[in-house]
Amino acid sequence: MTKKSTKALRNLLHLYNILYDIEKQLITDDEKEQYSKKFEKVIAGLNRQHRNIWRFFIWKIPFEVVLYSKEENLSPRLVNRFLKALRFSIEKNFVDMIKFASSDKEPPSYKMIYPTFFENPVKLLSSFTFIKGKRKVLLVAAHSEPPLSDKYTGEVAELVARKTNSYALISNISRIYVDYNRFNSRLTPFRRIIDKLVFSRKINLIIDLHGNKSDESMDVEIGIRAGLTSKMDIIRKMVTFFEKHGLSVKINSTKFYGGDIIAYHTFPPYVNGVQLEINQRARKEKVSKIIKSLTEFIEKHGGKNAKR
Amino acid sequence: MQNVNQNYEILIGVEEEVFIVNPNGFLAPFAEHVAEKLLNIIRRDKKLLEMSRHYLKGLQWEPNPSQLEYVTRPHNIQEIIKAIKFARELLAKAANSLGLYILPISVHPVESRPFPINGTHINISILREKKPISRNELVKIFNHIRNHLPELIAISANSEILNGGKSKYKSSRLAYSRVLKESKIGKIERVRYHIRPRRKREITRYGILFEKYRNKEMKIIVNETGDRLLDIVIRGPYTNILEDSDKTSKESRIEIRAIDNQINIEHLYDIIKIIAALALEALTLDNIPDEHPYLGYNREKAIENGINAKFLNENGEEIDAKESFLKMLKRLTPFLEKMRVKLNSSISRGEPEIENSTKIEIRDTNNKLTNLEKRGVIFVEIKTKEELKAYNLFGKLTKIQEGETLSGILVPHYEILLEKEDGIIKRIMGIKINHWLVADTLYIPLTNNIIIKKHRGPVRQLYNKLKNII
């Protein structure tokens, strides 16, 4: 790690501490000015010390925080959520910076976040089906459209969402044009809607449905990015429902580690996310069991079926 | 020369990396899926399997999941042309069955920044009366081709457009690649055999071989640490390359990696023919050629300016790269005739592909926005000078009135204008760039009729937002 990177890391830590203090409401009015100055110093330091820090930031920063336009009507709860999301994104930054500092790999800072492959921007704006729900659960099927689709994931998401009154987002465009489970689709409407649901506190659990081609793997593999995306008790509860219906499950899959949807939109324990990788055989032969397991799990643990 | 043609057999093998792209020409990270599809296609078609076995050694995916590489078997010049055509068509068939295309180009005009990078490696091996040639002859060919690398680079440089704009190099692949270092002149040296340093990619590693006791051995050295990832290199058991120590002398060859991918297959054929002719010419030389005094300078200029470069000849006089190339071509004509081959592309006139079929025109609707975006200053506040269209998150059209102020993230939208045929992108004509503003809940296509009121990077934007929030 270079000297500049170390300094940048230190400044990120300062920023993290400031955010934490604000979040815990430790700052009195007298201290506000002092913190504001510290804050400015940290930001100036970041800009100066690391020429490409903006790329690090843009890679992890929650867009909702920097794009939110109704600042005058901010509720304390939303401010709190912004701060938590930001603090969590800095934690993710630490993980990345340390990971790349300890290897000779190039950090992902040079990648761009834009969906540069907007096929037809207008077409992309309506390339998904959104099902409004009442429960605080979102089912996502990002790869449901052929070619190269994860067969039946769209149907499973729709059925479970309708049965349980959950939210669902189902892609209607093939991943050969845009892969909603990659970092460079974060600004697409599909992903911005997830952002909106997360920050308006309408969801606190994301179930991202995928499929793998392997016939040898377990029926369902649960990816949680080594525990970064979900509380463990949610996973344990989910597993009991799969096992009850005779499905084999593997937790914390290393092969299907979890994609960008759960990596970016979750900040446990407030918003949790799992990527379910359902194997080909299970999607053909045990699809009703999968639907039952998910439905029962959501009905029992997916929050009240409250009015919007 | 009569002697040369009668006794020597030239075998050429080609390794070519290609991009897998979607129908709009953007990278599709599905090399693994294409390879799997290809296996299924070959398994069902016995004839195709036999042809694949005849022409190809194999294919493999590369570090980037949108790259795929095929490797041909060594063939004579007539057969290698068929092999390249076969390999490209085979890959295209597999890709096309998934709705994808192959793009045989060195850098992606929009998505390479500068990586991922593709290359074409041309391997040339020569047998004399079915037997491998000597170390001396190998070095002779190597040094001769190496002395002509500037001309070969100038005529094949083809990777000027990347990241949605023009780079300062005609061959950005050679300029930016981390695995295409400059080779040194080939020498035969008596070296200690059993401890050999080896440089692997960016890291120096040491490999130690425990073999039969041989105090010293005659080795061909083109790189002291036995690195094979050079612009041109000698491969095989006579070299100090660790990976080649178990190879047979029949596998001795010269590998030229300095060639950019040629989207037009005729250009690639012609470059192969020229390299083969240079190898034949080298065999007529009495001595091992010395290094061209201005090789390094000319190489650098060729990478920068391609065929428009100014080289220095052996006497230090300035000469146009094109003139230098045409002179070389004239000298090689008898060797080409002996091989019974003709140049069929514009290369015969000293015109590289970049001046013809891959000349990419860039149409940028708003330069100012592109510059901001490339600097990372992507949070902008604009004022409209006319009514603008806008779409909400669900694609519903609304209007933005003239004089309104909007803020959001600047997002470039690229459109690649291309020609495709039978699963292969045959030509890229241009790139159209326009920008969208992604606001909180709106997507707004931007026109030229806007005023940029404020612009800032993400760190400053975050600071401003937090200050307001807190």
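A residue here is buried if 20 or more other C-beta atoms lie within 10 Å of its own, exposed if 12 or fewer do, and partly exposed in between, with the C-beta atoms placed from the backbone. B:Met328, with 19 C-beta neighbours inside 10 Å, therefore counts as partly exposed. This is a predicted model, so local features need pLDDT of at least 70 and side-chain atom pairs count only at pLDDT 80 or more, while totals for chains, interfaces and linings use all residues. Residues are numbered from 1 along each chain as its sequence is written, and chains are lettered from A and ligands numbered from 1 in the order in which they are written.

**Around B:Met328**

- You'll find B:Met328 in helix H10 (residues 321–338) of chain B; helices (H or I, at least four residues) and strands (E, at least two) are DSSP runs, numbered from the N terminus.
- Skipping residues up to four places away in sequence, B:Met328 touches B:His148 and B:Glu151, where contact means that the C-beta atoms, placed from the backbone, lie within 7 Å.
- B:Ile360 is 32 residues from B:Met328 in sequence, and their C-alpha atoms are 28 Å apart in space.

**Chain B as a whole**

- Chain B has 12 helices and 24 strands, and its C-alpha trace spans about 80 × 55 × 50 Å along its principal axes.
- Buried residues make up 46% of the 470 residues in chain B.
- If you take the contacts in chain B between residues at least 6 apart in sequence, 72% of them join residues at least 24 apart.

**The nonpolar core**

- The largest nonpolar core has 199 residues, and those with the most contacts inside it are A:Leu138, B:Ile20, B:Leu91, B:Ile275 and B:Ala279; a core is a set of buried Ala, Val, Leu, Ile, Met, Phe, Trp, Tyr and Cys residues joined through C-beta atoms within 7 Å.
- Helix H8 (residues 265–283) of chain B gives the most to this core, with 13 residues.
- Leaving out neighbours within four places in sequence, B:Ala279 contacts B:Ile10, B:Ile124, B:Ile126, B:Ile141 and B:Ile145.

**Strands of chain A**

- Strand E2 (residues 137–141) of chain A has five of its five residues buried, so the rest of the structure largely encloses it.
- A:Val137, A:Leu139 and A:Ala141 point one way from E2(A), while A:Leu138 and A:Val140 point the other way.
- E2(A) pairs in the parallel sense with strand E4 (residues 205–212) of chain A over four bridges; pairing requires at least two bridges found by DSSP.
- In that pairing, A:Leu139 has A:Ile207 as its bridge partner, and A:Val140 stands opposite A:Asp208.
- E2(A) also pairs in the parallel sense with strand E3 (residues 167–171) of chain A over four bridges, with A:Ala168 as the bridge partner of A:Leu139 in E3(A).
- E4(A) is largely enclosed by the rest of the structure too, because seven of its eight residues are buried.
- E4(A) pairs in the parallel sense with strand E7 (residues 272–279) of chain A over eight bridges, where A:Leu205 is partnered by A:Asn272.

**Helix H8 of chain A**

- The buried residues of helix H8 (residues 189–199) of chain A include A:Phe190, A:Ile194, A:Leu197 and A:Val198, along with A:Arg191 and A:Asp195.
- Those buried residues pack against helix H4 (63–67), strand E1 (128–131), E2, E3 and helix H10 (260–265) of chain A.
- After H8(A) comes A:Arg201, whose phi is positive, near 60°.

Definitions and conventions:
Contact = placed C-beta atoms within 7 Å.
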